[in-house]
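Subject: Structure for you to look at

Hello,

Here is the structure I promised to pass on. Please open it first, then read my notes below.

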Amino acid sequence: MKKSMKKCIAVLALGAASMVTSTVASAQEWPLVQGNYWEVTGIDIKDGGGLKYAQFLAGEWKENLEFSKSQGWIKDYMIFSNVYARADEPDLYLVTITESIVSGAESEKRQDAYMAWRKKTLEQMQSESGNRAEYREVMSDSLLQELKIRK
């Protein structure tokens, strides 16, 4: 009886150990790996505002993002057109790609560096942003994280 009880305990212990091992192995082999962050802003272009907004994007918007890229703050940026936009959907999606989300202190350092480079006051920048409301509306802003399939 003692022998069969020891055998039963040994089998249960072995079973429990194999369950823990398989759980750990499964966790180490998760098929997806976290990647970059994509900030996606949905823009509605008002009637007659397409050229003016395209000029802004090709000019100042691009300059701002090239500066951010040169500082290593972003990895890339792009513009997508919503070819078959429905009534309540954005016409454009503006995307910036970063490796990580920065802390509040780092964000303030970056803002100071940007303001020194851009040579504009906050009041000027706010006014210019308000002026763009004549021909575009920000409809949405999302932060997505890319998931890559593990190799």
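What percentage of the 151 residues of the chain count as buried? The figure is 23%, where buried means under 20% relative accessible area, exposed over 50% and partly exposed in between, with a 1.4 Å probe and protein chains only.

Some ground rules. This is a predicted model, with residues numbered from 1 along each chain as its sequence is written; local features need pLDDT of at least 70, side-chain atom pairs count only at pLDDT 80 or more, and totals for chains, interfaces and linings use all residues. Side-chain values use heavy atoms, with hydrogens and water left out.

**Layout**

The chain has four helices and four strands. These are DSSP runs numbered from the N terminus: helices are H or I with at least four residues, strands are E with at least two. From the N terminus the order is α-β-α-β-β-α-α-β. Take contacts (heavy atoms within 4.5 Å) between residues at least 6 apart in sequence: 72% of them join residues at least 24 apart.

**The core**

The largest nonpolar core has twelve residues: Ile43, Ile45, Tyr53, Phe56, Leu57, Trp61, Leu65, Ile74, Tyr77, Leu92, Leu94 and Tyr135. Such a core is a set of buried Ala, Val, Leu, Ile, Met, Phe, Trp, Tyr and Cys residues joined through side-chain atoms within 4.5 Å. Strand 1 (32–45), helix 2 and strand 3 (92–98) each supply at least two of its residues. Helix 2 gives the largest share of this core, five residues. Leaving out residues up to four places away in sequence, Leu65 touches Ile74, Tyr77 and Thr96.

**Helix 2 against helix 3**

The axes of helix 2 (residues 50–70) and helix 3 (residues 104–118) come within 11 Å and cross at roughly 130°. Axes are lines fitted to C-alpha atoms, for helices over the stretch in contact, and angles run from 0 to 180 degrees between N-to-C directions. The two helices are therefore oblique to each other: under 35 degrees counts as roughly parallel, over 145 as roughly antiparallel, 65 to 115 as roughly perpendicular and the rest as oblique. On helix 2, the contact is made by Glu60, Glu63, Asn64 and Phe67; on helix 3, by Ala113, Tyr114, Trp117 and Arg118.

**Val33**

Val33 lies in strand 1. It counts as partly exposed because its relative accessibility is 32%. Beyond its neighbours within four places in sequence, Val33 contacts Glu146, Leu147, Lys148 and Arg150.

Best wishes
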